[in-house]
Protein chains: 2
Amino acid sequence: MRLASHPFTLRQLQYAVAVAETLSFRKAAERCAVSQPALSSQLAQLEDALGVKLFERGAKRVLVTAPGAELLERCRRILVEADDLYGAAQQLAEPLSGNLRLGVIPTIAPYLLPVAAPLLRKRFPRLRLAWREDKTADLMSALRAGALEGAVVALEAELGEVEQLVLAKDPFVLAAPRGHPLSEGPGPLPLSALAKEDVLLLDEGHCFRAQALAFCNRARAHELEFRATSLGTLAQMVAGGAGVTLLPELSVPTESKRASVVIRSLAAPVPSRTLALVWRKRSPLAASLRALGAVLREAYPKVAGRRG
Amino acid sequence: MRLASHPFTLRQLQYAVAVAETLSFRKAAERCAVSQPALSSQLAQLEDALGVKLFERGAKRVLVTAPGAELLERCRRILVEADDLYGAAQQLAEPLSGNLRLGVIPTIAPYLLPVAAPLLRKRFPRLRLAWREDKTADLMSALRAGALEGAVVALEAELGEVEQLVLAKDPFVLAAPRGHPLSEGPGPLPLSALAKEDVLLLDEGHCFRAQALAFCNRARAHELEFRATSLGTLAQMVAGGAGVTLLPELSVPTESKRASVVIRSLAAPVPSRTLALVWRKRSPLAASLRALGAVLREAYPKVAGRRG
DNA sequence: TAAAAATACTCCATAGGTATTTTAT
DNA sequence: ATAAAATACCTATGGAGTATTTTTA
């Protein structure tokens, strides 16, 4: 250990992070439930101890200095690890209990959760789950910031440094309007059949869009200008005759019931995504998340019932 | 952030780690320069805040509980990161200054340091360097514990999660006694020439031993029972006719001058090790270490002067 | 001049000290 | 019996509050 005793406190780091996020001493003090002078004085002490000015004070605005930005990143990390210490202690005192905030991407949530949530409630009655639906990038930054304990995502997206538990391989299928040339034929549809075909895809930001797009490029299919905001609207638009699309197996029972589309399997190599539960390295809830992931893994086949 | 305010302090974590390391409240209090009751009371508060007993107190001994072991690992991590925050601030206030504790393995230190140390002193006059010579495994655990800021090692060994800067590729050569059958011949020595040869190697624990041994196995050479404790004694024993050995290029100018041995290059693929400066991820001294590594890189060719 | 941070001061919560008791071998 | 940790109690440092001044857009 380098330092005989630490010249700053966790409290001071919290204050600093609060100011960095609110860019106001007053608001930061409010958030930390202390008076503004108390926070001011602690921050002055912190800057003194570090020998670096973290903030530039103007009457109307507070700015984070350049060195401050780097140091605040470290402050956040320390606070997250301190939270983790507390969380780990709680888990040791009473495993599989407490609050667990989980993220899910929009192309999984509406299909998996209706089945998985009751299963989880039954299996882990002491665990209070809070689900948050968002795109992969937002979920991952929330995870790193300690605002989520875990997330259900597709491994094909960029995830950064996380631990993971694979839940299922989720193959893609073709959805076409009734009577469409591709909607009939024996056996799985070969890649070549999609050439020049008009394909509808999701909005930017959905990782499923990127995965489906890669497949379409390989098939030399043509992407339509219009983009859907969810798999549900995608299926509706296909049913309306706008074109064909790819759907993940997971969504098929739900979407093929809601919209009048024909589903066809694709020929090998079948495009697919890999669903996984991920969490921060050294998360105190790693053990809980592994147990929880096992249940989610059981839930997948109950949702994406096998077809021919 | 999960917690509104942290129910423990960095000081408490220091006390806990001190107890874990000394296994005595009294000694820990002494090390932390506080009275034993002060430490006792703070630890009681910490255990209370975490809801977990970290230590089992007996009159004659203190034991770390099973959950305590996991939590103390987290405590250490937090304290190291807090040290890093302080170190990063110091570096920002005055770059390339302060104390820098570096490890070197014994098969590098005596050859590289005599040349590198003066160069570094000249180039970074504000940087106070402290060198520690030890085997790779010990250096790496000191690095993780925050007792060293960096280390010069061979990448071929097991290093764990570190950042690195490659300094040089250090090829191995054969050292044989004068008049030995292998000591003469045109061009580099092929692998096959070593078959059935008696080879002397270093003691266990030296990473160079493992690297040389791998090569000997490929060559079907035979390792002698006796093992040397340093490259210096190894060369002396070879000079005395005990057998042949491998030496890293780095040590050749020194050792071939001291002991009367003949050096021969080895045929491609030439066995070698990769010298590198490594440091903990997110070390506050990363910038300094990179600059320092550049100087070490210049030093290598000055030591391992090219031969034919 | 108005909104926000810094300063001045006061107070009390608590970390830490000394003296002592309890505990386990 | 003895060494070590816990408890009791006291002190004082400093964190936080209120009131006020200073700063600058």
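A: A residue is called buried if 20 or more other C-beta atoms lie within 10 Å of its own, exposed if 12 or fewer do, and partly exposed in between, with C-beta atoms placed from the backbone. The model is predicted: local features need pLDDT of at least 70, side-chain atom pairs count only at pLDDT 80 or more, and totals for chains, interfaces and linings use all residues. Residues are numbered from 1 along each chain as its sequence is written, while chains are lettered from A and ligands numbered from 1 in the order in which they are written.

Most residues other than glycine have a negative phi, and most peptide bonds are trans. Ala33(B), however, has a positive phi, near 60 degrees. Ala33(B) belongs to the loop of chain B between α2 (25–32) and α3 (36–50); helices (H or I, at least four residues) and strands (E, at least two) are DSSP runs, numbered from the N terminus. Ala33(B) is exposed because 8 C-beta neighbours lie inside 10 Å.

In chain A, Leu96(A) also has a positive phi, near 55 degrees. The loop that holds Leu96(A) runs between α4 (66–93) and β3 (98–104) of chain A. Leu96(A) has 16 other C-beta atoms within 10 Å, so this residue is partly exposed.

Ala268(A) and Pro269(A) are joined by a cis peptide bond, with omega about -5 degrees. Pro269(A) sits in the loop between β10 (261–264) and β11 (272–280) of chain A. In chain B, the bond from Ala268(B) to Pro269(B) is cis, and its omega is near 0 degrees. Pro269(B) is found in the loop between β10 (261–264) and β11 (272–280) of chain B.
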